[in-house]
Amino acid sequence: MKKVEKLINHIISRVNINLRPMGLDIEQVLRTTLEDNEMASDYAYYALSIDHPIYFRFRESNLGGSYFLGKCDVDRSIIIRSDIRGDELKAAGTKVEFGGIKTELYRDEIILVVNSFLYKTLVHNHSRNPEIPELFRIQNTVSMHYANIHGTTTEGAYLGAFATVDLSVMHNCIVGDYSYVQAGDLAKMCLDPGRIWIKADGKYEFAYRYPQAILEKYISWDHNGELVGLFADFLKNRRNDFLPVYDSLAPKYPVWVPANAFVSRYAVVRGDCDIGENCLVAQRAYIENSVLGTGSNAQENSFIVDTHFAGLVVVAHGGKLVHSYIDEKVFIGFNSFLYGTKENKVSVGSGSIIMPHTIIHASEPIDIPDETIAWGYITKQSDLASNSMSLAEFAKLKEISIDRMRFSGDGAAFVRDFQNRIEHILVDNGARYNGKPESRGHAQKTQYVSYNLFQPYLSGEKKGMFPTIIVEDD
């Protein structure tokens, strides 16, 4: 394991150059998280299809159990059980616009991961990087359990457990556990745990903070540096169900999957389930005793248990739903937690938006009306008075303060941007597929994906390291 130790020391030194001046030494975080058996026992997977050209250049990196799709260039990163998903990488010749200025990509976009430690993190490219549009960069970044990096350049950033950075260009910053940020350049900033912050300069700003005592109930760390809390308990009870899906290259599902839908062979589908037309179930998603209506999707690290989707439901990365009924065209935001029971179900009306990092933990039946936006911490119906609003009313807002939520700016633009993004996700995921080639999305494009499996050295000083592999598709 000498090479692994050298790699760990290298990452610590590179990240600490950026983060130690901000008060964070990453060494203890990294060393208490990594386990030798994780680095030496898990395969890595590279997905191939005619829609996703070959380009992978793994140099010294440990990759343990990670999944790659699209053009990737990884260098010296440890990215254990992470998902690097490049199905929206732009091709050479694509025209992009930043600040009203248009430019054309001179080569295919590539996901570049350098000197990083990512742990069970989802990276999904939809780059908004104006500096070098051809490179989706993640550099000296340390990212913890079940974090999301979505459409962003991150350099020297630390992401806590279940944190999300979304559509953001970040630089040297620290994002606390269960924080969600969509706010552009965050150089030299520290975001407290449980902070939800969406800022579009000149348009609007949305902010919410979880009380520390509530947050610690769901996410905290024990004296050994282990992740604990209700989120960790929920995942631990179901993670072993994923082990059998890695034993075979042939997908095995207990349910029929329509020809225009896609269920990843590295997803779990258990019990009495119904997968509708044009549905997308990504790798590491978990579906049990549930119905996914036409055009719905379950993205990476989402868990859907005893739940019914009417159709066109978008579950962003890390969304978890239990004993819920979700009507048509509802958006369930990143790492949201909708936890009902047989007696106390959670119902969400059509056209509603559940904001990223929302916790709905029902102590009684909860019914969210149609066309409603909901946020924060909700345990009973009366909580909706301070944690939700009709989209029509929200669109009229200029400034408001309700309990722990603050909003200022153009409410109509805020609602419109969310609705436009939901439609973009539906189209890109193939929910609107009508049989014509131009309407194909991820559900159709990834049906014929194949997988290359990579294994690390099992002994000697290179134990735990993956061999250097450089392949390009002309």
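Me: Is Tyr-377 buried or exposed?
Reply: Buried, in this predicted model. Its relative accessible area is 16%. Buried means under 20% relative accessible area, exposed over 50%, and partly exposed in between, with a 1.4 Å probe and protein chains only.

Me: What are the ground rules for the model and its numbering?
Reply: Residues count from 1 along each chain as its sequence is written, and side-chain values use heavy atoms, with hydrogens and water left out. As the model is predicted, local features need pLDDT of at least 70 and side-chain atom pairs count only at pLDDT 80 or more, while totals for chains, interfaces and linings use all residues.

Me: How many aromatic pairs are in the whole structure?
Reply: A search finds 37. Rings of Phe, Tyr and Trp (its six-membered ring) pair if their centres lie within 6.5 Å; planes under 30 degrees apart are stacked, over 60 edge-to-face, the rest tilted.

Me: What kind of pair do Tyr-218 and Tyr-377 make?
Reply: Edge-to-face, because the planes stand at 70 degrees. The ring centres are 6.0 Å apart.

Me: Where do the two sit in the chain?
Reply: Tyr-218 is in helix H4 (residues 212-218) and Tyr-377 in strand S42 (residues 377-378). They are 159 residues apart, so the pair links distant parts of the chain. Helices (H or I, at least four residues) and strands (E, at least two) are DSSP runs, numbered from the N terminus.

Me: And Tyr-218, buried or exposed?
Reply: Buried, at 1% relative accessible area.

Me: What about Phe-337 and Tyr-339?
Reply: Their planes are at 15 degrees, so that pair is stacked, with centres 5.4 Å apart. Phe-337 is buried at 2%. Tyr-339 is partly exposed at 27%.

Me: Switching topic. Which side chain does Arg-85 make a polar contact with?
Reply: The side chain of Glu-300, at 2.9 Å. A polar contact is a pair of N or O atoms within 3.5 Å; within protein, one must be able to donate a hydrogen and the other to accept it, and residues adjacent in sequence count only if both atoms are side-chain atoms.

Me: Where does Arg-85 lie?
Reply: In strand S5 (residues 83-85). Arg-85 is buried, at 4% relative accessibility.

Me: Last one. What is the strand order in the five-strand open sheet?
Reply: S11-S8-S4-S2-S47, with mixed pairing. Strands pair if DSSP finds at least two bridges between them.

Me: Which strands stand at the edges?
Reply: S11 (135-138) and S47 (469-472). Each has a single partner strand, so one side of each lacks a neighbour in the sheet.
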